Amino acid sequence: MKASVLHRNRHVALPALLIALLMVLTACSSTPEPGSSASGSGSGDAAKPASSGVPAGEGSTTYPLTLKTWAGSSELKKRPERVAVFGFSPNLDALEALNFKPVYTITEEVKYPWRDQAWMKSIETVDTRTRRDPINFEGIKAAKPDLIIAPNALQSADEYKRLASIAPVLDNPTQVPGEDIDWRETQRMIGKAVDLPKAANAAITKADKATADVAKKHPEVKGKTITIATEYTGQIEYYTIAGSTTEELMVDMGFKPNPLAKEFVKDDTVSNENVGKLDGDVLMMFYVDPAAKAKRDKTPLFKALDPVKEKHYIGRTSEQPGAEVTWVLRRGASATSLPWATKTMGDWFGDLKL
């Protein structure tokens with residue numbers, strides 16, 4: 001999959017039911033994981049010295065390193081050992097891919113199925129805050145970081161300024177409303193900052209190979225079209241938008257671009273009267289619960305879709321294994337999550353008997 005911009009859905013805030021779904025998927029709770037030290041206020045225990053969770057540097061990055069972001073610049077004077085990370089899951093995923101253990105993260109990252117739980121439980125501070133809560137500046141400061149990793153996570157220059165007063169901040173060089181930078185760029189930025197650029201590139205190569213391996217295992221999808229969408233609160237959102245990371249991932253798995261995908265670049269909403277545009281050789285839909293799926297499955301326009309009639313339709317709800325794929329396709333693509341997600345989808349494609 002070539003480097004590209006990950007297109008967000010046009011909504012800045014996630015819909016209420018989607019938030020509920022993601023909370024289920026990530027098993028958010030007010031109880032920290034074993035081995036964590038944070039409370040809801042994020043005060044935490046006294047910072048511990050860096051441990052074996054920091055792999056040896058490669059000697060490729062020159063310090064001091066200026067970290068230029070859309071909101072300002074800060075200087076990383078030496079190789080960091082105590083890293084705080086927050087925001088969307090690819091940020092922590094990138095550190096996990098490097099086997100570089102942070103000293104601070106948020107509880108919401110705990111239960112993703114691609115996460116190494118032993119690694120996660122050994123993190124010094126797992127704050128009970130989530131990415132929907134205000135940034136816990138006090139909790140981050142208490143962790144005594146020497147680098148704060150926050151790509152795609154900051155909403156204002158004031159947030160950046162407050163974080164930069166604690167430690168140097170790594171964020172996107174530029175900010176485009178409605179878009180995230182590609183997961184590869186996130187991996188490379190983080191790899192450079194912690195002096196592991198070769199390991200970062202190796203992680204990217206490994207993830208790309210995992211996708212290629214799935215494509216080889218499922219030649220039945222080669223040259224076919226696919227449409228992926230989600231339904232929350234009765235509204236359908238189109239995921240395989242032309243030029244998006246999701247579309248490119250599907251192409252890497254063997255599918256060809258769906259011509260209808262071009263119609264959803266500016267507006268990803270599929271109105272009820274346009275349900276016929278969910279057409280393709282394969283249709284994958286995600287639902288917040290079984291009731292929503294059952295209701296959609298009964299509607300005449302949906303039942304008339306070729307992939308539905310031909311049983312080339314994958315409908316998954318939040319209660320079913322693998323439902324976290326919807327998050328990977330939405331904003332969670334990373335070197336850590338993609339091998340799991342592509343294998344999961346490959347198994348689903350194999351069940352279709354195309």
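In the predicted model, N99 is found in the loop between α2 (89–97) and β5 (104–106), and its phi is near 55°, a positive value in a residue other than glycine. K144, placed in the loop between α4 (137–142) and β7 (147–149), likewise has a positive phi near 55° without being glycine. With a relative accessibility of 56%, K144 counts as exposed, because the cut-off for that class is over 50%.

Strand β2 (residues 65–69) pairs with strand β3 (residues 72–76) in the antiparallel sense over five bridges, and a hairpin of two residues joins β2 to β3. Within this pairing, L65 stands opposite L76 in β3.

Five strands, in the order β12-β11-β10-β13-β14, form an open sheet with mixed pairing. Strand β11 (residues 235–238) pairs with β12 in the antiparallel sense over two bridges, and the bridge partner of I236 in β12 is V270. Helix α9 (residues 290–297) packs on the sheet, where it touches β10 (226–232), β11, β13 (282–287) and β14, and its direction makes about 150° with that of β14. Helix α13 (residues 337–352) also packs on the sheet, touching β10, β13 and β14, with its direction at about 125° to that of β13.

Terms used: Residues numbered from 1 in each chain as written. Predicted model: local features only at pLDDT ≥ 70, side-chain atom pairs only at ≥ 80, totals over all residues. Heavy atoms only, no water. Pairing = 2+ DSSP bridges. Helix = DSSP H or I, 4+ residues; strand = E, 2+ residues; numbered from the N terminus. Contact = heavy atoms within 4.5 Å. Axes fitted to C-alpha atoms, helices over the stretch in contact; angles between N-to-C directions. Buried < 20%, exposed > 50% of the residue type's maximum accessible area, 1.4 Å probe, protein only.
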